[in-house]
Amino acid sequence: MNVKLQSWGRYPHYPQTANPCHWRTDIGTTLAKITAQHGTLLPFGNGRSYGDTCLATSDQVLYMRPLDRLISANWETGLIRAEAGVTLNELLALAIPRGWFLPVTPGTQFVTLGGALANDVHGKNHHVRGTFGCHVPRFGLIRSDRPPIICSQQENAELYAATIGGLGLTGIIEWVELQLIPIRSSLIDATHIRFGGLDEFFSLSAELDSKHEYTVAWIDCLASGKAAGRGVYMVGDHAQEGPLAFAKQSKLNVPLTPPFSTINRLSLRLFNSAYYRSHRAGRYSSRISYEPFFYPLDRILNWNRIYGPHGFQQYQCAIPDANAASATRELLKAIAAARSGSFLAVLKRFGDMKSPGLLSFPLPGLTLALDFPQQGYTTTRIFVSLDAIVREAGGRLYPAKDAHMSRVDFQTSYPNWLQLEAQRDPALSSRFWQRSCNL
């Protein structure tokens, strides 16, 4: 396989040599072969991590995507076991017609089960069901220094905790056991509410979060003055009636990378204004397919190319409840002043359900996520300002989306990193771990 892999943000630019693994029985021998030649490597799924957590220090990765088979499924209980390279999309194609859905899903269905576990992904229902790792009873792990093992809260408990959110560093995830949730329809009963500022958002969140399975808000990151913090608040629940249909909508495609980023001050301002005004005032409800509700960007294949040849960085932070309101205002003020950001800026509340993972990102409070075109010093200057606000508020950044976090900030925000380092497979190393831990 001669294709060079890279992260979804396409920054930093370290092309990865893919060493595909087609059968689970080949994982151990392929792992040994690559480490003998290059010292270390890293497992690589479908390339939806944004920064450098999926980039190997050696630039050699074990490409897991070919391991895309369902191993077993109990469609009476919704407990499935599948190889680590199966994507959420492929799992949904099997589960939805049988009346089951993912317990937790991130904003794309094109992540693998192994990647979802390694990054302990979260979704619009964190306040109800926690992170992905909360629904994984067991998984198989292959390490370079011992025979294959099964990890659960009862078996190899330390490795179980270290692997959930462990950024692929504790071993090669061979398979994942996942408990699905029952649904009666693949449709979502959604309600959209346009709000004029952060005070309204917090009021809506306090009123509605506890009443709905899914909640999230879109924020106009460029709005300032009286319009600062305006956006659209969305809630949803699985419909109690309707078809159980896997979405097969046609996809648009960005076939080429333009010579410059199409995301700029003018395009952002025009889009944000149009999107805000496309939602009428007041509350209105509709019954829609699950795909546009959970995965709005998945309808555009290769959308990351619109940021041009230099790529982009996503900035996602979590702020504790006590400082959420004031810190979010400061963050949005700084972003608007920089006149940069993305057309999809997401704001939502995290709940207090604790993840079993050592390095899980969510904490009780608020999370803000948006993309920035990679513009060298300009981007660095913005992040310095945002980092200072997050640090002062006692918050932290999401490693799966990060390409800049300082070593001090990482080690302060994630004090369990030493426990993960103690469980790390010596054959596995990422560029993120190298810069964050000074290894």
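Is Asp189 buried, partly exposed or exposed? In this predicted model, Asp189 is partly exposed, with a relative accessible area of 28%. The sections below describe the charged and aromatic contacts of the structure.

## Salt bridges

Side chains of opposite charge can pair when their charged atoms come close. A search of the whole structure finds 20 salt bridges. Three of them are set out in the table.

| Asp189 | Arg287 | 2.6 Å |

Asp189 forms its salt bridge with Arg287. Asp189 belongs to strand S12 (residues 187-195) and Arg287 to strand S16 (residues 283-289), so the pair ties together parts that are 98 residues apart in sequence. Arg287 counts as partly exposed, at 43% relative accessibility.

Strand S16 also holds Arg283, whose partner Glu207 lies in helix H6 (residues 198-208); this pair links parts of the chain that are 76 residues apart. Glu207 is partly exposed at 32% relative accessibility, and Arg283 is partly exposed at 49%.

Because Arg24 lies in the loop between strand S2 (16-20) and helix H1 (27-38), and Glu174 in strand S10 (residues 172-179), the pair ties together parts that are 150 residues apart in sequence. Arg24 is partly exposed, with a relative accessible area of 29%, whereas Glu174 is buried, with a value of 13%. Through salt bridges that share partners, Arg24, Arg69, Glu83 and Glu174 are joined into one network.

## Aromatic pairs

A pair of aromatic rings is described by the distance of the centres and the angle of the planes. The structure holds 24 aromatic pairs. One of them joins Phe101 and Phe294: the ring centres are 5.4 Å apart and the planes stand at 35°, so the pair is tilted. Phe101 lies in strand S7 (residues 100-101) and Phe294 in helix H8 (residues 290-294), 193 residues apart. Phe101 is buried at 1% relative accessibility, and Phe294 is buried at 2%. Both residues belong to one aromatic cluster, together with Tyr214, Tyr290, Phe293 and Tyr295.

Phe201 and Tyr233 have ring centres 6.1 Å apart and planes at 70°, so this pair is edge-to-face. Phe201 lies in helix H6 and Tyr233 in strand S14 (residues 231-238), so the contact ties together parts 32 residues apart in sequence. Both residues are buried.

## Charges over rings

Which ring does the charged end of Arg69 sit over? That ring belongs to Trp23, and the charged end is 4.1 Å from its centre. Lys401 lies over the face of Tyr50, at 5.1 Å from the ring centre.

Methods: Residues are numbered from 1 along each chain as its sequence is written. This is a predicted model: local features need pLDDT of at least 70, side-chain atom pairs count only at pLDDT 80 or more; totals for chains, interfaces and linings use all residues. Side-chain values use heavy atoms; hydrogens and water are left out. A salt bridge is a side-chain nitrogen of Lys or Arg within 4 Å of a carboxyl oxygen of Asp or Glu. Helices (H or I, at least four residues) and strands (E, at least two) are DSSP runs, numbered from the N terminus. Buried means under 20% relative accessible area, exposed over 50%, partly exposed in between (1.4 Å probe, protein chains only). Rings of Phe, Tyr and Trp (its six-membered ring) pair if their centres lie within 6.5 Å; planes under 30 degrees apart count as stacked, over 60 as edge-to-face and the rest as tilted. A charge sits over a ring if NZ of Lys or CZ of Arg is within 6 Å of the ring centre and within 35 degrees of the ring normal.
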